[in-house]
Amino acid sequence: MAQRLATEYVKATLKLSEPQMHQFLRMTEDGRIHQRVKVMENGCQEIVLVDVSGEEVHFPFDRREGFYICELSCRLVNHYLTNVVRKLFMTFRGDGVVHRIYEEFTMTYVYTQGVVRKIVEQTGENTRVIYEYKNTLLELQRVFQARDIEREINRLYAEVDSLLDTRMDASTSDQLQQIDKKLARHQKRLFELEAY
């Protein structure tokens, strides 16, 4: 099995409420991890986690609209610290891109709300999608809507055929005008439906 060389968080974002910030601090209390909290003038905080090996990661939290928002970009090598950051990222439903770097390839994980939405493997110039989240319910709704549209198109075609037959039998110009108005409306609606 390939050994991971490093993990990079690229533009990762965490959004924590006041109680979540306290939970975040409690989760980082660990015998192998030491934490430092720097409080800035404007209520912002920087939480620094330092592993016993000396590797550290900085979480700069800005205070905005009652939330602590962290935009994180870092590279981690230590596996223990990497796992702590991964747990925090998933627990607090982070968004962002994480690169897991191996000697021969890189795995890129795209997270939304702490859930993996896409995994891509990159080997040299080659990229391959390993996994991509698909919203099956949304896809089924689209298929169902497409079938509804298809049914309406078929119904309109049948009405157009019927109107054309009626038009051939029309005897007055008033009847022709009314049929032509209906045909124009149907033509416009068919054009709209086929755009879907």
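Is Cys44 buried or exposed, and what is the relative accessible area of Cys44?

1. The model is predicted. Helix α3 spans residues 136–169 and helix α4 spans residues 173–194. Their axes come within 10 Å and cross at roughly 160°. Since angles over 145 degrees count as roughly antiparallel, α3 is roughly antiparallel to α4. The crossing of the two helices, α3 and α4, is left-handed.

2. On the α3 side, the contact is made by Ile149, Glu152, Ile153, Leu156, Tyr157, Glu159, Val160, Leu163, Leu164, Thr166 and Arg167. From α4 come Leu176, Ile179, Asp180, Lys182, Leu183, His186, Arg189, Leu190, Leu193 and Glu194. Sorted by class, the α3–α4 contact has twelve nonpolar, seven charged and two polar residues.

3. The disulfide count is zero, with a pair of cysteine sulfur atoms required to lie within 2.5 Å. Cys44 is in no disulfide: the nearest cysteine sulfur belongs to Cys70 and is 11 Å away. To settle the opening question, Cys44 is buried, with a relative accessible area of 8%.

4. For Cys70, the closest cysteine sulfur is in Cys74, at 8.8 Å. That separation is too far for a bond, because the cut-off for a disulfide is 2.5 Å. Cys70 is also buried, and its relative accessible area is 0%.

How values were computed. Residues numbered from 1 in each chain as written. Predicted model: local features only at pLDDT ≥ 70, side-chain atom pairs only at ≥ 80, totals over all residues. Heavy atoms only, no water. Axes fitted to C-alpha atoms, helices over the stretch in contact; angles between N-to-C directions. Helix = DSSP H or I, 4+ residues; strand = E, 2+ residues; numbered from the N terminus. Parallel < 35°, antiparallel > 145°, perpendicular 65-115°, else oblique. Left-handed = near helix turned anticlockwise from the far one by under 90°. Contact = heavy atoms within 4.5 Å. Nonpolar A, V, L, I, M, F, W, Y, C, P; charged D, E, K, R; others polar. Buried < 20%, exposed > 50% of the residue type's maximum accessible area, 1.4 Å probe, protein only.
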